[in-house]
Amino acid sequence: MATAVVARPVARPQARARDEEVLVWPDLVFVEFISALLFTVTLFFLSAVMNAPLLDQANADVTPNPSKAPWYLLNLQELLLHMNAAMAGIIIPTVWLIILGAFPYFDRDNDGQGVWFGTEGAVKLTIVSAIIGFVGTWLLIFWDSGKIAAWLNDYFAVSGGDTFRFLENVRALQQQLPWPDWSREITYLPFNLRILDGTGTSGPTAFQNLDFPGWLVEQAIPIAVIVGLPCLMIYAMWRLGWIVTRRDALLALFSGFVASYGVLTLVGTAFRGQGQDLVFPWDLKVSEGIPGQE
Amino acid sequence: MAVETPAKPSLADKIYDKMFHNYVWKSIFRTGYPNTPRNQMLVVATNVFLHLHPTRIHRTHVKITHTYCLGGLSFFMFLGLTVTGILLMFYYVPSVERAYLDMQNITTTVQFGQLMRNMHRWMAHAMVILVFLHMMRVFYTGAYKAPREFNWVVGVILLVLTFLLSFTGYLLPWDQLAFWAITVGTNIAGSAPVLGPKTRFWLLGGFEVGPDSLIRFYTLHVIGLPLLAAIFMAVHFWRIRRDGGLARPL
């Protein structure tokens with residue numbers, strides 16, 4: 001029955017404003033041509049003056065220190081230093097990509113479309129949340145490297161002594177607190193659950209016992225920080241009246257992400273030296289792992 | 001009675017006429033020289049490469065600061081990488097015995113080999129950066145909003161494919177940088193819950209980076225992932241047109 005078809009508010013392409021249009025040839029094609037030409041020339045020039053790296057032949061017996069992933073994965077490698085490997089390497093990026101893909105389904109308002117920072121207060125939100133993401137990520141990295149505790153001690157002679165040593169970084173919570181033995185092995189399954197056998201490196205994969213301090217430090221605290229701090233920022237901005245629409249919330253979230261992602265990539269690339277220690281870029285040396293030449 | 005005779009065509013006119021108004025030329029390019037609005041629209045609509053574009057476009061969208069050409073440049077990098085990649089494939093054999101030697105040959109004995117390799121490398125980095133910046137542009141101009149929701153999702157998939165394309169290419173030089181970067185990278189993949197070890201094994205064709213990993217990465221890098229990326233790019237570009245071109249204010 002034709003009347004049963006209900007018109008849903010599905011967004012359709014906008015009507016064209018023909019009097020506002022220009023011809024693609026030449027107005028657009030030439031812009032594209034010039035930018036392609038500029039990039040070709042720049043890349044030719046770059047390739048002429050700078051060679052792609054080629055080190056010694058691959059050798060499984062010689063491990064360079066530090067060993068690093070390609071630069072665009074160093075953000076994940078940096079996260080890996082602070083938490084459980086599965087979370088840093090797989091779960092967080094996967095969940096984030098899903099959230100990223102879901103942006104348009106969350107923010108369905110068409111306000112501010114097609115213009116840079118088209119909504120009210122967009123520039124302010126972008127700048128402030130980017131600064132928060134930038135500073136926050138650096139502070140967390142400093143704290144977890146133990147540098148903050150070291151600086152407080154070296155420059156201000158402030159030291160918590162052994163009493164507060166557990167606050168030095170996230171690992172210290174696991175190592176410096178007097179956890180009872182039972183908490184390190186809480187049986188939560190009456191049987192030994194085998195997920196995947198024969199994976200080669202570590203034999204049968206089994207889940208039966210929970211190491212509570214380990215779980216707290218490797219999973220609970222990192223996830224609380226990564227989910228909690230952005231939520232806290234968005235909540236605070238909402239209470240301040242800066243965030244009103246869903247677009248505003250996404251602006252804050254995305255800008256914070258870009259800044260934080262940038263810092264993680266930068267730290268992973270330029271600030272991680274031997275043993276993944278936090279060093280200045282000019283102190284960064286790679287040992288090729290050849291005995292006698294380290 | 002004075003009769004006005006038209007001026008005789010100059011030599012340049014004659015050459016022009018011979019070149020562009022002959023049977024063969026007209027069989028290739030059906031439209032005339034694009035110096036009238038009609039021909040300018042026809043040249044875009046009837047050319048297989050240019051017909052990705054509409055014939056006319058809103059005036060705000062040709063401003064360079066609106067898009068900075070980031071999406072187009074990402075695609076341009078993909079094309080450049082294909083060209084330089086094919087040239088490198090002539091000289092490169094993905095076996096543990098030959099890969100590194102071939103790299104040395106490319107950089108020392110092959111004419112323009114070093115240049116081709118450099119171009120391929122820097123273009124790959126540029127593509128990762130450009131794709132990311134393109135995503136930022138789309139986000140900050142609110143261009144992911146209706147009716148372009150799905151195209152944003154396709155874009156996120158293309159971002160992942162770009163990372164994977166670059167990652168699989170990283171192993172191919174078979175030097176220390178490649179070997180250990182892939183070892184670290186695949187260890188990250190291997191840490192996934194439940195499926196991690198299997199994924200790592202499947203990627204590497206073994207428990208560690210070796211001959212089987214090289215051929216797998218090579219195959220993915222030169223045909224598997226580019227094909228997949230091309231399919232998603234086709235959808236991406238098609239949807240731009242179907243969704244009404246670039247986003248503009250309501």
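**The interface of chain A and chain B**

Three salt bridges cross the interface of chain A and chain B, a salt bridge being a side-chain nitrogen of Lys or Arg within 4 Å of a carboxyl oxygen of Asp or Glu. One of them joins A:Asp107 to B:Lys145, with 3.2 Å between the closest N and O atoms. This is a predicted model, in which local features need pLDDT of at least 70 and side-chain atom pairs count only at pLDDT 80 or more, while totals for chains, interfaces and linings use all residues. Residues are numbered from 1 along each chain as its sequence is written, chains are lettered from A in the order in which they are written, and side-chain values use heavy atoms, without hydrogens and water.

Chain A gives 89 residues to the contact and chain B gives 90 residues, where contact means heavy atoms within 4.5 Å. About 8300 Å² is buried between the two chains, 70% of it from carbon and sulfur atoms; buried area is the accessible area (1.4 Å probe) that two parts lose on being put together, summed over both. In chain A, the residues that lose the most area to chain B are A:Trp25, A:Gln113 and A:Trp116, together 9% of what that side buries.

E1(A) pairs with strand E1 (residues 56–58) of chain B in the antiparallel sense over three bridges. Strands are DSSP runs of E with at least two residues, and helices are runs of H or I with at least four, numbered from the N terminus; two strands pair if DSSP finds at least two bridges between them. In this pairing, A:Glu21 stands opposite B:His58 in E1(B).
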